[in-house]
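Please open the structure in your viewer and keep the selection tool at hand.

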Amino acid sequence: MKLIVQIPCHNEAATLSAVVAGIPRTIAGVDRVEVLVIDDGSTDGTAEIARAAGADHVVQNVGRLGLARSFRRGLDTALRLGADIIVNTDGDHQYDGASIPALIRPILDRSADVVVGDRNPGDAAAFSPMKRRLQRMGSAVVSTLSGLKIGDAVSGFRAYSREAAMGTIVHSPFSYTTETLVQAGHRGLVVASVPIRTNAVTRPSRLARSMTVFLRKQAITILRSYLLYRPLRVFGTLGLVVSAIGAIPIARFLFFWATGDGDGHVQSLVLGSTLIMLGYGTLLIALLSDTVATNRRLLEATLERIRHVEYALSARDAPAATPSADAGDAPPAGRADASHAA
């Protein structure tokens, strides 16, 4: 049983050593714990700090790809290295590594596919009252749309079983947190939450310039994810609502027409007919979108099967890797260094 803890980071030289040092290397039920750092185009020597701190693997992006793509690249690399469980944490030392055994316990017990570390953001003293309210609202929205019960939807401290990671696809260039939860709910994965400990805040979040930008981007990501996996429900409901609204002015016109006063209410007929046509068009979009979604699910299933074969071969060859060898077939966007710490 191999656990790989991946750390996507950008310019985290000041805190990365503490993050790596805080990751427990001996965990009950796990035979081997390895640390993978994904350096997202850092300019402060983050990769060198990671190696000096004892990271087993370092992947360096050529240029900055962003958090979501770095997270996905970390999953790919960890799977190629034969990980049975993958834990994702941040390089800013926000999450306490001592919580990792509790985080992976539901996966070891085979009671969950994905586990999210719950910071209890609704009562976190480090968050402002406004941020606590927004966190509660956001988690409630994601829980409703995904069909899951998640207390901290934007927590980056989470664990994935190998099977769950194999089928995880990240489309958003912004963040993976909410999108992967909506996707997990759609895939029927069992997602659990466990309370975790956090460390003192060392710096403000760099994910977005402001809370307004963060909320806007998260809202777009959530809406896009839901449309991607539930197009028939979204467009079908919208089409029926528009058609029902259009039926009201038509019924009004028919009433006046039946009483002999229809000539003065033709505008109701025009308005109602226009709305019903719009509703009909939206229903057609719903059917077409559902067909596209079905084809995409087939493609995702095919991709997952290909990954099973590819990663199994990579994992088989991984033990033979020598220091400074490549960590699997790294994407052309960056460089992978699989050197092992002493």
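**Stop 1: Histidine 57**

Select histidine 57 and glutamate 34: their side chains make a polar contact at 2.7 Å. A polar contact is a pair of N or O atoms within 3.5 Å; within protein, one must be able to donate a hydrogen and the other to accept it, and residues adjacent in sequence count only if both atoms are side-chain atoms. This is a predicted model, in which local features need pLDDT of at least 70 and side-chain atom pairs count only at pLDDT 80 or more, while totals for chains, interfaces and linings use all residues. Residues are numbered from 1 along each chain as its sequence is written, and side-chain values use heavy atoms, with hydrogens and water left out.

Histidine 57 belongs to strand 3 (residues 57–61). Helices (H or I, at least four residues) and strands (E, at least two) are DSSP runs, numbered from the N terminus. Is histidine 57 buried or exposed? Histidine 57 is buried, with a relative accessible area of 1%; buried means under 20% relative accessible area, exposed over 50%, and partly exposed in between (1.4 Å probe, protein chains only).

**Stop 2: Helix 2**

Next, select residues 46–53, which form helix 2, and highlight the buried residues Thr46, Ala47 and Ala50. These residues lie on the same side of helix 2, because they cover an arc of only 100 degrees around the axis. The arc is that of the directions from the helix axis to the C-beta atoms. Among the elements that cover these buried residues are strand 1 (2–9), helix 1 (16–21) and strand 3. Just after helix 2, glycine 54 takes a positive phi of about 110 degrees.

**Stop 3: Strand 5**

Now select residues 114–118. Strand 5 is largely enclosed by the rest of the structure, because five of its five residues are buried. Val114, Val116 and Asp118 are on one side, and Val115 and Gly117 on the other.

Strand 7 (residues 191–195) pairs with strand 5 in the parallel sense over five bridges, and valine 194 stands opposite glycine 117.

**Stop 4: Confidence**

Finally, colour the chain by pLDDT, the predictor's confidence in each residue, from 0 to 100. The mean for the chain is 84, but pLDDT stays under 50 over residues 320–342. Where pLDDT is low, the predicted coordinates should not be read in detail.

Definitions and conventions. Pairing = 2+ DSSP bridges. Contact = heavy atoms within 4.5 Å.
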